[in-house]
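Work through the exercises below with the sequence and the model open. Each task is followed by a solution in steps.

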Amino acid sequence: MDSYQSLYHGFRWAVPARLNIAQLCCARWAREPARTAILFEDASGATTRWSYRDLHLAANRLANALEAMGVRRGDRVAIVVPQRPATAVAHFAIYRLGAVAMPMSMLFGPEALEYRLADSGAVAAIVDADALANLRTARGDAL
């Protein structure tokens with residue numbers, strides 16, 4: 001066999017039995033307070049810097065709030081937020097709990113949201129104010 005075929009057939013993922021992506025991608029880097037994770041420029045051109053520690057602490061607060069609301073390991077949580085630092089916080093908070101993040105487009109209307117939320121069995125949603133009306137139309141107070 002050529003080297004590609006040998007590599008292809010012999011490949012095996014080496015993922016530990018217990019792995020948390022929030023730990024792998026954020027928490028372990030948060031030990032260095034000044035280490036930059038995100039440089040964000042908003043629509044007005046203003047920039048903000050988020051360190052891994054900032055992300056980690058914000059994600060811990062959100063994870064605690066989600067857990068207090070009843071979100072558990074394996075639960076699906078919708079994220080309807082545009083790309084910005086809060087989106088990373090939402091992902092890391094959900095992963096910290098062992099829940100499943102379901103990113104959804106801000107462009108989804110009520111029908112698209114309703115279908116995806118119902119089909120997935122989502123128990124909670126983290127939603128930007130601009131998408132809240134569509135989510136309420138789709139689900140009312142169900143989430």
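**Exercise 1.** Is R84 buried, partly exposed or exposed?

Solution. The model is predicted, so local features need pLDDT of at least 70 and side-chain atom pairs count only at pLDDT 80 or more, while totals for chains, interfaces and linings use all residues. Residues are numbered from 1 along each chain as its sequence is written, and side-chain values use heavy atoms, with hydrogens and water left out.
- Apply the classes: buried is under 20% relative accessible area, exposed is over 50%, and partly exposed lies in between (1.4 Å probe, protein chains only).
- R84 has a relative accessibility of 32%, so R84 counts as partly exposed.

**Exercise 2.** Find the salt bridges in the whole structure.

Solution. 
- The search returns two salt bridges.
- One joins D128 and R84, with 2.4 Å from N to O. This pair links distant parts of the chain, 44 residues apart: D128 sits in the loop between β5 and α6 (132-139), and R84 in the loop between β3 and α4. Helices (H or I, at least four residues) and strands (E, at least two) are DSSP runs, numbered from the N terminus.
- D128 is buried, at 10% relative accessible area.
- E32 and R35 form a salt bridge at 3.2 Å, N to O. E32 is partly exposed at 44%, and R35 is partly exposed at 32%.

**Exercise 3.** Describe the largest nonpolar core and the surroundings of V77.

Solution. 
- A nonpolar core is a set of buried Ala, Val, Leu, Ile, Met, Phe, Trp, Tyr and Cys residues joined through side-chain atoms within 4.5 Å.
- The largest core has 24 residues, and L66, V71, V77, F92, I94 and I126 touch the most other members.
- Two or more residues come from each of α3 (52-68), β3 (76-80), α4 (85-97) and β5 (124-127). Seven residues, the largest share, come from α4.
- Leaving aside neighbours within four places in sequence, the contacts of V77 (heavy atoms within 4.5 Å) include V71, I94, A99 and I126.

Terms used:
A salt bridge is a side-chain nitrogen of Lys or Arg within 4 Å of a carboxyl oxygen of Asp or Glu.
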